[in-house]
Amino acid sequence: MLKVSEIEQALFEIAPRECAQGWDNVGLLVGRPEQVVQKVLVSLDITESVIAEAAQWEADLIVSHHPVIFHGQKSVTNRDPVGRRVLELAEKGIAAICMHTNLDCAEGGVNDMLAQALGIRVPERFTGEGVGRCGWRAEPIALPEFVRFVSGALGCKGVRYADAGKPVHRVAVGGGACGEFEDAAICAGCDTFVTSDLSYHQFVDAKSKGINLIDAGHFPTEDLICKEVLAYLMERFPELCVQKSAFHKEAIQYYVEGE
């Protein structure tokens, strides 16, 4: 019978633990390694609604990208959101495996899937940490057209961007919050950087730095990895029932004043 530890090991084969950043928290974070698994729910995050969905489906394990325990959690009580989620998992007998920055860096991981979705040919690494990818699109296009393409390709509800006055041809991508790698994208000769959680001042300075910036949102730039994890688990463990969360969606809502 398949155990939690076997699924954890299989995930580390495609996203090695040693590839995770030193500050990260990856692997089995809640549950017993010897627990038998028949059903796995895959989700970008482990929220209260995802846990309820897993419990209703009688899942034994949730595999997520974002760690359910993070940022130096020192207690597990119902006094804060993280504590409540961990308690819910434990009380319902649902284990949690989280693959974060190791899956960002992995071949075929978050950033390779993002590059593929945005039409980047032969993506290459452009940071020392191995996070992010860059490369050429087949043909240069105008930024507004590319912004529309990004929004459609990633299913964004809204896209923030800054126009540096350059057509889009060589593009860098960073799934999730990768604004710190803007200068690395510039050094790699990129005219455009697609990521999320960019600051106001980065948009202000984009034109003077000579790079188009597109903030496509944290959820849209990373959620595409869930279907890859699901496909991998289904192929690796045909006996498993695996499905992607049907309820976890973009948490940010947008209101745009009519022009």
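Q: Leaving aside neighbours within four places in sequence, which residues is Gly 210 in contact with?
A: This is a predicted model. Gly 210 sits in the loop between α8 (200-209) and β10 (212-215). Setting aside neighbours within four places in sequence, its contacts are Ala 164, Lys 166 and Asp 191.

Q: Is Gly 210 buried or exposed?
A: Gly 210 belongs to a loop, between α8 and β10. Buried means under 20% relative accessible area. Gly 210 has 15% relative accessibility, so it counts as buried.

Q: How far apart in space are Gly 210 and Thr 192, C-alpha to C-alpha?
A: Gly 210 is in the loop between α8 and β10, and Thr 192 is in strand β9 (residues 192-196). In sequence the two are 18 residues apart. In space, C-alpha to C-alpha, Gly 210 and Thr 192 are separated by 8.9 Å.

Q: What is the relative accessibility of Thr 192?
A: Leaving aside neighbours within four places in sequence, Thr 192 is in contact with residues including Phe 146, Val 168, Arg 170 and Ile 214. Thr 192 counts as buried, because its relative accessibility is 0%.

Q: Which residues of β9 are buried on the side with Phe 193?
A: In a regular strand the side chains alternate between the two faces of the sheet. In β9, both faces are covered. Thr 192, Val 194 and Ser 196 are buried on one side.

Q: Which residue stands opposite Thr 192 of β9?
A: Strand β8 (residues 168-177) runs parallel to β9, and 4 bridges join the two. Thr 192 has several contacts beyond four places in sequence, among them Val 168, Val 171 and Ala 172. The residue opposite Thr 192 is Val 171.

Q: Which residues of strand β4 are buried on the side with Ala 96?
A: Strand β4 spans residues 95-98, and both its faces are covered. Ala 95 and Ile 97 are buried on one side.

Q: What is the bridge partner of Val 30 in β4?
A: Strand β1 (residues 27-30) pairs with β4 in the antiparallel sense. The pairing runs over 3 bridges. In β4, the bridge partner of Val 30 is Ala 96.

Q: Which residue of β4 does Ser 64 stand opposite?
A: Strand β3 (residues 61-64) pairs with β4 in the parallel sense. There are 4 bridges in this pairing. In β4, Ser 64 stands opposite Cys 98.

Q: What is the phi of His 71?
A: Most residues other than glycine have a negative phi. His 71 lies in the loop between β3 and α3 (81-92). It counts as exposed, because its relative accessibility is 73%. Although His 71 is not a glycine, its phi is positive, about 55°.

Q: Is Val 122 buried or exposed?
A: Val 122 is in strand β5 (residues 121-124). Its phi is positive, about 50°, although it is not a glycine. Exposed means over 50% relative accessible area. Val 122 has 72%, so it is exposed.

Q: How many of the 8 residues of helix α5 are buried?
A: Helix α5 covers residues 110-117 and is mostly covered. The buried residues include Val 110, Met 113 and Leu 114. Gly 119 follows α5, with a positive phi near 75°. Of the 8 residues in α5, the number buried is 6.

Q: What radius of gyration does the protein chain have?
A: The C-alpha atoms fill a box of roughly 55 × 40 × 30 Å along the principal axes. A compact globule of 259 residues would have a radius of gyration near 18 Å. The protein chain agrees with that, at 19 Å.

Q: How far apart do the centres of the positive and negative side chains lie?
A: The protein chain exposes about 12600 Å², of which carbon and sulfur atoms supply 52%. It has 24 positive and 37 negative side chains. The centres of the two sets lie apart by 1 Å.

How values were computed. Residues are numbered from 1 along each chain as its sequence is written. This is a predicted model: local features need pLDDT of at least 70, side-chain atom pairs count only at pLDDT 80 or more; totals for chains, interfaces and linings use all residues. Side-chain values use heavy atoms; hydrogens and water are left out. The radius of gyration is taken over C-alpha atoms; the globule rule is 2.2 Å times the number of residues to the power 0.38. Accessible areas come from the Shrake-Rupley method with a 1.4 Å probe; for residues, only the protein chains shown count as cover. Lys and Arg count as positive and Asp and Glu as negative; His and the chain ends are not counted. The place of a charge is taken as NZ of Lys, CZ of Arg, CG of Asp or CD of Glu. Buried means under 20% relative accessible area, exposed over 50%, partly exposed in between (1.4 Å probe, protein chains only). Two strands pair if DSSP finds at least two bridges between them. Contact means heavy atoms within 4.5 Å.
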